[in-house]
Amino acid sequence: MAGYIGSKSSGIISGIDASIEELNLNDKVSANGTTEANKVLTADANKDVTAIRNLTATGTVTRALTRGSIDVGNSSGVSSALAKGAAGTVLTSDGTDLSFVAASGGGEQEFTATGAISAGDLVGFNPNGTISVVEAELQAAVAQGSGAAKFQALVYDTANDKVLLFFQGTSLYLYGRVGTIANGQISFGTAVTTSVGADDIHAAYDVNSGKTVVTYTQKNGNNYPYAVVVTVSGTDLSFGTPVSMKSSAQYNTIVEYDSNAQKVLCIYNANNGKVYGRVGTVSGTSISFGTEAEVSTLNATIDATALSFDSTANKFVLSMVGFGAGVPTLRVLTISGTSVSGGTAVNGDGLSNGSYRPELTYIPSINRTVLIQGYAGSYLYYYILTVSGTDITVPSGTRFDATVEIGPGQTYVVVAGDKMYMQYPESAGSQNTLLQIDVSTTQITFSPLTSKIQWGSGSSSEYPVAVYDPDTGSLVNADGTNVRILNATAPSFVGIAAENISNGATGKATVIGGINTSVSGLTAGKSYGITPSSASLSVAQLPSSSGAIGIALSSSSIYLNVGKI
């Protein structure tokens, strides 16, 4: 007769005379005293019981589940019920377990993080293809002090790691301040004045002497061109004795440093007359000059000359505009000892009389000098120039006509690390404006005008200036009233982190066209973006479209529709 399972009181398995206690099955208690629920006996080929194991079911198993729950395996390999998520949530996996999370609005991509990222952080691309928190601090405006100024100049002092600001302040006097950048913010020492009026303020840092040379035209006086040496000590500066470069009225004084000759070149011009140059040598707190040389080949329009130094060719590029001509004339200048001489002048094309002053910037990465000249508040021409010996190649000007609205004043390229910006005053209210660009050996690629960074209005914004601090990666901007900081080394904007991502891990970020739900405190229908007053970037309501990245759909969701900072 086949074996059978009998009653618990009389032997439970036929043919086996072991007691219940010996089989350790009494009340489901094992030898070690732990409960063995839902277990079965297993036997070997000799029908000897060898173990007590978990029950493994085959076929269809029916178990009671609450509505919407699902059966999943847990960490012990045992099935368990997973309750349904809240309305609108979706089932997701973290690679190990399943869970219900809030549904994404789409527009998500996976990236590898450099540095820890929290859900809701603004993130951007690094050069190696990873993403990081976008720490492009746009500092709230810092008052320049001592009255609004039309003319100002910025230089970076490499020896002292300071930014020096010079401007036309109260009573039109020449003022100077030492700026220190830390944690994306700039602070200034006490403003110092020369108690002399100053127009056409320019400045250049002399690496050899560790001093800065400031040039200006005397205001409310004889209009003589002056140069003065500036010394920095901590957060203070002092002016040396101003030296007159010519005993007659001159305008548009400009100074640039020659890193090869270790001297400065100063230029100035009479009212619609000749342009002159003098080589300056700094010694201590004083400056001395060589013989004056005429460097123009035409009668030049006042306030329309520009100068830059090509550090590869070790030459200067001079740009002039003939009186009544409008088009630029270019010439290479060379320092020899304490003298300066010029090569053959070459004319540009494109702009007629009435155009704004051209400006020059040397770009070391491509070994080219860029000239930009705006016209009538509506478009601009640019030239990418090549210097060879004492000659200069001037290609046909390229017109950029995209309602750029160039205003009167200075329009030029600012090199900030591996990024470049066009700095210009916009004609509609003379707003101080930065537009990111890329310059190759043959052309300039302009970012969409919707991505421009813009501040302020008024006549003081006609001559905005900027300088790059390589130690902090900061681009410093001054418009005659306020100073601001842009961290030019920040990664390019990608979107908003959709989840926490550890350093080196892969995670999701909401990109343009997607909806991020990791934010909070928003007002539906309002535009949001990067606020200039935020030291570490956050999503914040904006009073205008400047810096906007999207529109809030609710208090905790934002639709990213613009890719800019």
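The structure, a predicted model, holds four salt bridges, a salt bridge being a side-chain nitrogen of Lys or Arg within 4 Å of a carboxyl oxygen of Asp or Glu. In this predicted model, local features need pLDDT of at least 70 and side-chain atom pairs count only at pLDDT 80 or more, while totals for chains, interfaces and linings use all residues. Residues are numbered from 1 along each chain as its sequence is written, and side-chain values use heavy atoms, with hydrogens and water left out.

One of the salt bridges joins the side chains of lysine 219 and aspartate 199 at 3.3 Å, N to O. This pair links distant parts of the chain, 20 residues apart, with lysine 219 in strand β16 (residues 211-219) and aspartate 199 in strand β15 (residues 192-206); strands are DSSP runs of E, at least two residues, numbered from the N terminus. Aspartate 199 is buried at a relative accessible area of 16%, whereas lysine 219 is partly exposed at 27%. Buried means under 20% relative accessible area, exposed over 50%, and partly exposed in between (1.4 Å probe, protein chains only).

Lysine 274 and glutamate 294 also meet through their side chains in a salt bridge, at 3.7 Å, N to O. Here too distant parts of the chain are linked, 20 residues apart: lysine 274 lies in the loop between β21 (263-269) and β22 (275-283), and glutamate 294 in strand β24 (residues 293-294). Lysine 274 is partly exposed, with 29% relative accessibility, and glutamate 294 is partly exposed, with 43%.

A further salt bridge connects the side chains of arginine 484 and aspartate 479 at 3.2 Å, N to O. Arginine 484 is buried, with a relative accessible area of 7%, and aspartate 479 is buried at 2%.

Note on methods: Helices (H or I, at least four residues) and strands (E, at least two) are DSSP runs, numbered from the N terminus.
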